[in-house]
Amino acid sequence: MPAGGVIAIHLDRAGRAIGVSPPVAVVAGATTEISPVSVVDGALLVAWLSRSDAHPEDLSESLHIHAVDIVGSHAPDVEVAGDDAILAVWYDLEGKHARVVIDSKRVRLAKDVADIARGFVTQMTEPLVALPSITVSVGPLPHSVKDIQMTLSVGVMGAEGLPLIERAVQAGREYRFESLPAAVVVLDLNVDGFSVTRNVDLTSGTNVFVQIPLQPIVVSGTVYYGDRPTRASLRFEQKDAPFAIETDERGSFTATLWQAGNYFMDVVLSNFPGAPFRDLVSIGSPGLLDIHVPANSVRVRVSDANSGAPIEHGQITIQSRWADGSGSRSGVTTVAMKGLETVLPPLREGTSEIRVQAPGYSEAEFVVLAVPESNLERVVEFRLSKSLAEPNLTILLGGSIPAGGAEVASWSGDQLIWKGTADDDGRIQIPESIARSRAIVRHPAAATTVVVFGVLTENDRLSLAPAAPPLIVHVVQRDESVIGSVAARMTIWFGGVRLSGPEAAFATWSLAATAPDGSFVARGLPARPLRMLATRKFSLEQIRSGSLDGLASAVPYPWPALAKVTLAGE
């Protein structure tokens with residue numbers, strides 16, 4: 001044999017690896033003995049990745065390969081790359097599953113997850129196959145529409161940063177995008193600032209053809225502040241920048257949307273200095289869309305109970321309950337305190353519970369306002385006392401870096417009872433009201449954590465672990481058919497703690513419900529297996545009772561490219 005390093009692999013009669021030796025150095029011209037083939041204490045993975053299904057131009061590509069287990073990402077302990085195959089060996093993996101990841105612009109593994117176990121050899125024999133492509137057909141424009149600008153972008157669902165591809169396109173033409181990731185990708189056709197999106201499942205590796213028809217939905221109406229038409233800006237929330245339009249001086253507007261759906265819409269009145277009024281509008285066809293903003297003005301003043309000096313930094317939480325055509329509803333809004341007096345967004349008819357928190361002060365008794373249909377003029381005053389006994393919590397990233405901007409929130413049922421944000425040093429004061437209750441801690445650069453607070457001291461510290469990549473879920477019926485456009489509610493278990501409703505939404509940086517195509521993206525998850533429950537038949541009270549826990553689906557870690565969760569109870 002030539003000089004270098006060798007390993008010995010013990011195969012059974014079926015050709016399966018049952019033992020692998022450690023790497024042994026051999027010297028030219030000398031005899032080297034290899035100790036009996038054995039299995040080390042950890043889980044051992046042998047991957048034989050054939051290039052036979054790859055295109056000839058793919059063979060010369062330099063591939064980077066690593067395995068992801070429950071601990072993290074690992075380069076191979078042994079790697080040999082040939083023209084016909086790649087051999088990679090890992091000696092000490094952890095957990096029950098490992099994903100073999102190929103960093104390549106051309107090829108992928110059709111099956112990339114292997115079951116592993118401590119003290120055993122797992123053999124993965126898979127071909128490297130070409131990455132899939134998408135052909136997109138952009139529909140023709142109606143004759144009434146002229147001179148619009150369109151760009152088409154392609155990105156991976158759940159990924160941050162710039163899209164993979166972005167290019168200008170024209171109506172009535174087809175475009176092909178080669179060598180895309182075997183993942184769920186998002187097509188975003190920007191039509192004069194409005195985003196038409198399609199989620200495309202490429203996890204099977206199959207090439208896909210997608211049609212995007214161009215069918216304008218023209219809505220028009222008037223913005224009213226109370227009974228008076230008023231000038232305003234309308235912002236329809238989208239994936240990236242909002243789709244914004246302006247009314248005229250009398251509040252009249254016409255908007256052209258290119259995709260039906262439910263949209264969060266912020267209304268910014270030209271003569272109203274406070275936060276925008278937010279509404280959820282359903283747009284399915286052309287027609288009239290009048291917008292009625294409640295004509296009320298509620299301002300909040302916060303001062304020191306002893307000195308009377310104004311407190312200008314903190315946050316105001318508004319828990320509102322109202323009734324509309326769809327029945328009883330509620331919503332939570334958080335507003336940063338600004339200056340001597342903070343103007344709240346217009347409040348809907350019903351009741352609004354107002355809470356104030358400020359650093360260094362105890363939380364005051366909340367105020368409940370009865371909000372009439374219009375013409376409410378009110379200044380709500382809070383006098384806060386200095387906090388001497390409230391505990392401090394320092395939140396860190398990786399045990400050493402201050403987690404500035406980390407958020408801590410606590411609920412009672414569906415009601416948010418407290419929410420705070422850590423300062424630049426990662427410090428936050430925990431009010432006595434939640435010092436012995438459950439709270440959720442999240443940060444954009446870390447895994448969300450559920451904390452059951454005991455008795456906190458001034459020096460308590462909480463270290464947040466790194467987050468796993470976003471988890472992409474597709475909720476399906478038992479026969480794996482689509483669930484339809486009606487959203488399913490998502491419940492998730494964090495370290496054995498069941499989170500549903502607003503808690504699940506906060507913990508996963510999501511709405512805790514599926515999109516119209518049955519997909520759900522969760523971020524900030526810990527890097528470990530978890531359970532998820534998808535349901536639309538049962539109430540939150542039934543979910544929280546625990547009676548449905550047995551219907552939850554298990555999701556292994558490392559995540560599959562697309563996790564399938566079965567809709568429970570249907």
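These legends accompany several close-up views of a predicted model.

In this predicted model, local features need pLDDT of at least 70 and side-chain atom pairs count only at pLDDT 80 or more, while totals for chains, interfaces and linings use all residues. Residues are numbered from 1 along each chain as its sequence is written, and side-chain values use heavy atoms, with hydrogens and water left out.

**View 1. The second largest pocket holds about 1,200 Å³ of space.** Of its 36 lining residues, the closest to the centre are Arg-99, Asp-112, Ala-182, Ala-183 and Ala-561. On a 1 Å grid over the protein atoms alone, a pocket is an open set of points with protein on both sides within 12 Å along at least five of seven lines, and lining residues have an atom within 4 Å of a point. Grid points are joined across faces, edges and corners, and the volume is the space filled by probe spheres set on the points. Strand 6 (64–68), strand 10 (97–103), strand 11 (107–109) and strand 45 (471–476) each give at least two residues to this lining, and strand 10 has the largest share, with five. Strands (E, at least two residues) and helices (H or I, at least four) are DSSP runs numbered from the N terminus. By type, the lining has 27 nonpolar, four polar and five charged residues. Here Ala, Val, Leu, Ile, Met, Phe, Trp, Tyr, Cys and Pro count as nonpolar, Asp, Glu, Lys and Arg as charged, and the others, Gly among them, as polar.

**View 2. The structure holds one cavity of 30 Å³ or more.** A cavity is a set of grid points where a 1.4 Å probe fits but cannot get out. About 30 Å³ of space lies in the largest cavity, and its lining includes Val-300, Ile-311, Met-337 and Glu-341. Strand 30 (residues 297–304) brings three residues, the largest share of that lining. The lining divides into six nonpolar, two polar and two charged residues.

**View 3. The largest nonpolar core has 48 residues.** Such a core is a set of buried Ala, Val, Leu, Ile, Met, Phe, Trp, Tyr and Cys residues joined through side-chain atoms within 4.5 Å. Among the residues with the most contacts inside it are Ile-134, Leu-189 and Ile-283. Leaving out residues up to four places away in sequence, Ile-283 touches Phe-236, Leu-257 and Tyr-263, among others; contact means heavy atoms within 4.5 Å. A second, separate core of 33 residues includes Leu-471, Leu-525, Leu-530 and Trp-559.

**View 4. Phe-236 and Tyr-263 form an edge-to-face aromatic pair.** Their ring centres are 6.2 Å apart, with 90° between the planes. Rings of Phe, Tyr and Trp (its six-membered ring) pair if their centres lie within 6.5 Å; planes under 30 degrees apart count as stacked, over 60 as edge-to-face and the rest as tilted. The pair links distant parts of the chain, 27 residues apart: Phe-236 is in strand 23 (residues 232–236) and Tyr-263 in strand 26 (residues 261–269). Phe-236 is buried at 0% relative accessible area, and Tyr-263 is buried at 8%. Buried means under 20%, exposed over 50% and partly exposed in between (1.4 Å probe, protein chains only).

**View 5. Gln-542 sits in helix 2 (residues 540–544).** This residue counts as partly exposed, at 36% relative accessibility. Beyond residues up to four places away in sequence, Gln-542 touches Ser-547 and Leu-548.
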